Amino acid sequence: MSSISPSETAADLAAVAALLEMADRLGIVPLLERGEPVTAAQLAATADVPEEGMGDFLSALVAAALLVPTGVKEFRISDDFADRIHQSGYLTWSLRANQPYVEHPAEFLRDPVAAAARYQRNGREVAVSSRWIGSQGFYPAATEAILAARPQRIVDLGAGAAGLLIDLLGRLPGSTGVALDMSAGACREAARAARAAGVGDRLEVVERPIQSIAEDPAPVAGADVIHAGFVFHDIVQEGDVFDQVLRRCREALRPGGIMAITDAVPYASAERERRFSALFTYLHAGFMNVTLPPEEDWLARFRQAGFDQARCVPHRFPAGRLFIAAR
């Protein structure tokens, strides 16, 4: 009985990630993720490409066991498609979303300020790769906590492509959501994905930086849940602004509401976390000028903002933690 070696596993991951990246660029991943049978003609129309060319691409996806034929020119995703998306997210985030850092390390080491001004990440690639990772890595703990709260209004700060909100709105038919992000590309992707998922009428997309909440908390007003996924570490260095945003969020929550921050701690040492945590920590510190706070610092900031209760929940993402604070 043959076994798959680590190098073969790496080859599989690289090939699948490349094929899924192409599928995403064609705009067909959301249609595939529904899990319903689709035809080459449908996918070709979605991508605005010739049906013959799409058929050839689908043949490659079938050969890679990402799609399964269900009829003449009809296909559905494989049973492990969601796992493949999640796994590919780590690769696309590391090498595609952070491509400027990977390609120009010497320039960043010589002059970080000048290099940061010259080389910037693509907001859409960050949003999509983060959504792929987050489908199983970022959000299970947050999803469980938010669903337990049965919120009527959910706000996600730094929502990216709004994957978490779209999933939550699908599970909470009476709820509405606000997806706030500073990236125009991510906001466009969020609006498109919400329409594709049938929740576009219940999701408001706001193109604004999180820092703006310190002066104008209107987007978070009346929320039952305010979530922020892997974005608060971007403003933690801003001190007073960070603390003011937390205070504004606490004030904006309805009585009994919760704030849930999904984020990371630096250089986690557990064996399952240490390698990706090393890359995540170093990229943020060395290229983004972001020093990830340790767990005790996160909890202290909540207390300073006036939250009476705050706790930390480890989860699947390497070095990821969910911090929950109740008003």
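Predicted model: local features only at pLDDT ≥ 70, side-chain atom pairs only at ≥ 80, totals over all residues.

Visitor: Why is Gly198 called exposed?

Guide: Exposed means over 50% relative accessible area. Gly198 has 54% relative accessibility, so Gly198 counts as exposed.

Visitor: What makes Tyr282 partly exposed?

Guide: The class covers values between the buried limit of 20% and the exposed limit of 50%. Tyr282, found in helix α14, is at 38% relative accessibility and therefore counts as partly exposed. Together with Leu109 and Tyr267, Tyr282 forms a nonpolar patch on the surface, with about 350 Å² of accessible area together.

Visitor: Why is Phe276 called buried?

Guide: The cut-off for buried is under 20%. Phe276 is at 14% relative accessibility, so Phe276 counts as buried.

Visitor: What makes Tyr90 and Phe276 an edge-to-face pair?

Guide: Ring centres must lie within 6.5 Å, and planes over 60 degrees apart count as edge-to-face. By this rule the count comes to 18 aromatic pairs. Tyr90 and Phe276 are 5.0 Å apart centre to centre, with 85° between the planes, and form an edge-to-face pair. Tyr90 lies in helix α5 and Phe276 in helix α14, so the pair ties together parts that are 186 residues apart in sequence.

Visitor: How do you know that the pair of Phe276 and Phe280 is tilted?

Guide: Stacked needs planes under 30 degrees apart and edge-to-face over 60; the rest are tilted. Phe276 and Phe280 form a pair at 6.3 Å centre to centre with 35° between the planes, which is tilted. Both residues lie in helix α14, 4 residues apart, about one turn of the helix. Phe276 and Phe280 belong to one aromatic cluster with Tyr90, Trp93, Phe230 and Phe317.

Visitor: Which residues are in contact with Phe280, leaving aside its neighbours within four places in sequence?

Guide: Contact means heavy atoms within 4.5 Å. For Phe280 these residues are Trp93, Phe230, His233, Ala264, Leu292 and Phe317.

Visitor: Which residues of the largest nonpolar core touch the most other members?

Guide: Of its 46 residues, they are Trp93, Ile154, Ile166, Leu203, Phe280, Phe317 and Leu322. Among the elements that each supply at least two residues of this core are α5 (81–97), α14 (274–287) and β10 (320–326).

Technical notes: Residues numbered from 1 in each chain as written. Heavy atoms only, no water. Core = buried A, V, L, I, M, F, W, Y, C linked by side-chain atoms within 4.5 Å. Buried < 20%, exposed > 50% of the residue type's maximum accessible area, 1.4 Å probe, protein only. Patch = residues over 30% accessible without salt bridge, like charges linked within 9 Å, V, L, I, M, F, W, Y side chains within 5 Å. Areas by Shrake-Rupley, 256 points an atom, 1.4 Å probe, with all protein chains shown as cover. Salt bridge = Lys/Arg side-chain N within 4 Å of Asp/Glu carboxyl O. Phe/Tyr/Trp six-rings, centres within 6.5 Å; stacked < 30°, edge-to-face > 60°.
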